[in-house]
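I opened the structure and kept notes as I went. Each entry records what I looked up and what I found.

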Amino acid sequence: MSNAAQNSIVKDMSLAPEGHLKISWVDAHMPVLNSIREQFEKDQPFKGLKVTISLHLEAKTAYLAKVVQAGGAEVTITGSNPLSTQDDVCAALVEDGITVFAKYNPDPQEYKELLIKALETKPDLIIDDGGDLVTILHAERPDLLTTVRGGAEETTTGILRLKALEKEGQLKFPMVAVNDAFCKYLFDNRYGTGQSVFDGINRTTNLVVAGKNVVVVGYGWCGKGVAMRAKGLGANVIVTEIDPIKAVEAFMDGFTVLPMIEAAKVGDLFVTVTGNRDVIRGEHYDVMKNGAILSNAGHFDVEVNKPELNERSTSVRTVRRNIEEFQLKDGRKIYLLAEGRLVNLAAGDGHPAEIMDMTFALQALALRYVNEQYEQIGNQVLNVPYETDQEVARLKLGSLGIQIDSLSDEQRTYLDSWADHE
Ligand SMILES: NC(=O)c1ccc[n+]([C@@H]2O[C@H](COP(=O)([O-])OP(=O)(O)OC[C@H]3O[C@@H](n4cnc5c(N)ncnc54)[C@H](O)[C@@H]3O)[C@@H](O)[C@H]2O)c1
């Protein structure tokens, strides 16, 4: 029996065949990551190193883990949300020699223990999503920190947490902010979240979007994508914001902008995507229409305030997979999707493979970068180098068969000079 099979904690190894099928489907749609895999097989950038990954554990992530493994690493993987782990994918990874500590829907205590087990392997490098690995290493288990050279962070929320640690002078190793690369947020946060949120909502509710008032809470990169796709599906889109610039942008993009207390009165379907807490809360539930549907696509399940929804309810029951019905004391019903966790991952398969192709290419290259540079760069939050961003975009264009122009020498000189501008 392999080390991976001996050490892993997964739900059911007999699910592996289905997991292998899912991984090979996405691998066929991730050409950029495929070319990085070929490079890694030759260069072996992680030879002899241990890498621990915490990401939403579905097929695309599994393929990233295999690419890092192809680069010579001993890989351990765990989830980054209790409801986004797919048990069949976990089983397949164990068969492929990757140690997995993850199951669908563990209780909060068990979820935490699985993250800690993944860190007890004493990794040299980490990939984090939302900052849970980094937080455990800094706050609870600094004894596991000593081997870590650095890592890469996937999402907006994790980067906020990292920057807070950095500001207090407490960050103990360099972390690359993959989310802040152009080839991440322009495509993953916008087009990926936009499409996959409606994939999750539509397959869960089996209801029409056209004609509904869809309230998008937060008009950041993810919110723009969600609003764009809601409009494409025929919704009347309402945006709520706290940033005046984003609010003007939403207005100019053709959306109605309202404060949440007004949007709450008219919304049929709500999607929170702010990275903030309590953006839908008690006072909003009090004015909502009977039958309003709430969902969240932000990283943590704190955007829709569940305790205040519970307080107002006489009963809660599951009326369909991933839909809870809250029966309010005044007779109205409010529905919450996927327990208020990321609806596109907890009630869907996450972003399309072609989108994660770019995000995970950045992850793989960022990990190689931090491993090569960790001694020079110090304990800080770093951007993905611009050349790496461009390399990923070029590989993507190449895979799509799209060619673009390049600057002539005269054009370059013109753009670089301040005098020659008649
Ligand atoms: N579901 C997914 O697959 C997925 C993918 C990428 C990122 N995320 C997560 O989604 C969240 C948002 O990410 P982003 O990249 O769009 O961030 P962002 O910083 O670009 O946008 C967040 C927006 O929310 C607004 N906001 C904050 N508090 C608000 C409030 N009370 N009411 C209304 N608006 C408010 C901010 O002004 C900002 O414009 C983060 O938690 C991120 O980690 C999820």
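The entries below cover the ligand site, the sheet, the cysteines and a few loop residues.

**Entry 1: the model**

I note first that this is a predicted model. I read every value here as computed from that prediction.

**Entry 2: the ligand shell**

I began with the ligand. I asked how many residues surround the ligand. I found 28. The closest are Thr155, Thr157, Glu241, Ala297 and Asn344.

I then sorted the shell by class. It holds 10 nonpolar, 15 polar and 3 charged residues.

I looked up individual atom pairs next. Thr155 puts a polar side-chain atom 2.7 Å from an oxygen atom of the ligand. Trp221 has a polar backbone atom 3.2 Å from an oxygen atom of the ligand.

How much of the ligand's accessible area does the protein cover? On its own the ligand has 870 Å², and the protein covers 87% of that.

I also checked which elements give two or more residues to the shell. They are helix H8 (156-167), helix H9 (182-205), helix H10 (221-232) and helix H15 (343-346).

**Entry 3: the sheet as a whole**

I traced an open sheet of 8 strands. I wrote down the order as E9-E8-E7-E10-E11-E14-E13-E12. The pairing is mixed.

Why is one side of E9 and of E12 left without a neighbour in the sheet? Strand E9 (256-257) and E12 stand at the edges and have a single partner strand each, so one side of each stays without a neighbour there.

**Entry 4: around E11**

I went to E11 next. Strand E10 (residues 269-272) and strand E11 (residues 293-296) run parallel and are joined by 4 bridges. I looked up two of the pairs. Val271 stands opposite Ser295 in E11. Thr272 has Asn296 as its bridge partner in E11.

E11 also runs parallel to strand E14 (residues 333-337), with 2 bridges between them. Across that pairing, Leu294 stands opposite Leu336 in E14.

I checked the side chains of E11 too. Ile293 and Ser295 point one way, while Leu294 and Asn296 point the other way. All of these are buried.

**Entry 6**

I moved to the E12 end of the order. Strand E12 (residues 313-320) pairs with strand E13 (residues 323-328) over 6 bridges, in the antiparallel sense. Arg317 has Glu325 as its bridge partner in E13.

The two strands form a hairpin, with 2 residues between them. I looked at the turn. Asn322 there has a positive phi of about 70 degrees.

**Entry 5: cysteines**

I searched for disulfides. A disulfide is a covalent bond between the sulfur atoms of two cysteines. The count comes to 0.

I took Cys222 as a case. Which cysteine sulfur is closest to the sulfur of Cys222? It belongs to Cys183, at 16 Å, which is too far for a bond. The cut-off for a disulfide is a sulfur pair within 2.5 Å.

Is Cys222 buried or exposed? I found it buried, at a relative accessible area of 18%, because the cut-off for buried is under 20%. Cys90 also counts as buried, at 0% relative accessibility.

**Entry 6: loop residues**

I looked up Asn105 for its backbone angle. Asn105 is not a glycine, yet it has a positive phi of about 55 degrees. It is found in the loop between E3 and helix H6 (108-119). Asn105 is partly exposed, with a relative accessible area of 42%.

Ala338 is not a glycine either, and its phi is positive at about 50 degrees. It lies in the loop between E14 and H15. Ala338 is buried, at a relative accessible area of 1%.

Ile98 is found in the loop between helix H5 (87-95) and strand E3 (99-101). It counts as buried, with 0% relative accessibility.

Note on methods
Residues are numbered from 1 along each chain as its sequence is written. This is a predicted model: local features need pLDDT of at least 70, side-chain atom pairs count only at pLDDT 80 or more; totals for chains, interfaces and linings use all residues. Side-chain values use heavy atoms; hydrogens and water are left out. A residue is near a molecule or strand if one of its heavy atoms lies within 4 Å of it. A polar contact is a pair of N or O atoms within 3.5 Å; within protein, one must be able to donate a hydrogen and the other to accept it, and residues adjacent in sequence count only if both atoms are side-chain atoms. Accessible areas come from the Shrake-Rupley method with a 1.4 Å probe; for residues, only the protein chains shown count as cover. Ala, Val, Leu, Ile, Met, Phe, Trp, Tyr, Cys and Pro count as nonpolar, Asp, Glu, Lys and Arg as charged, and the others, Gly among them, as polar. Two strands pair if DSSP finds at least two bridges between them. Buried means under 20% relative accessible area, exposed over 50%, partly exposed in between (1.4 Å probe, protein chains only).
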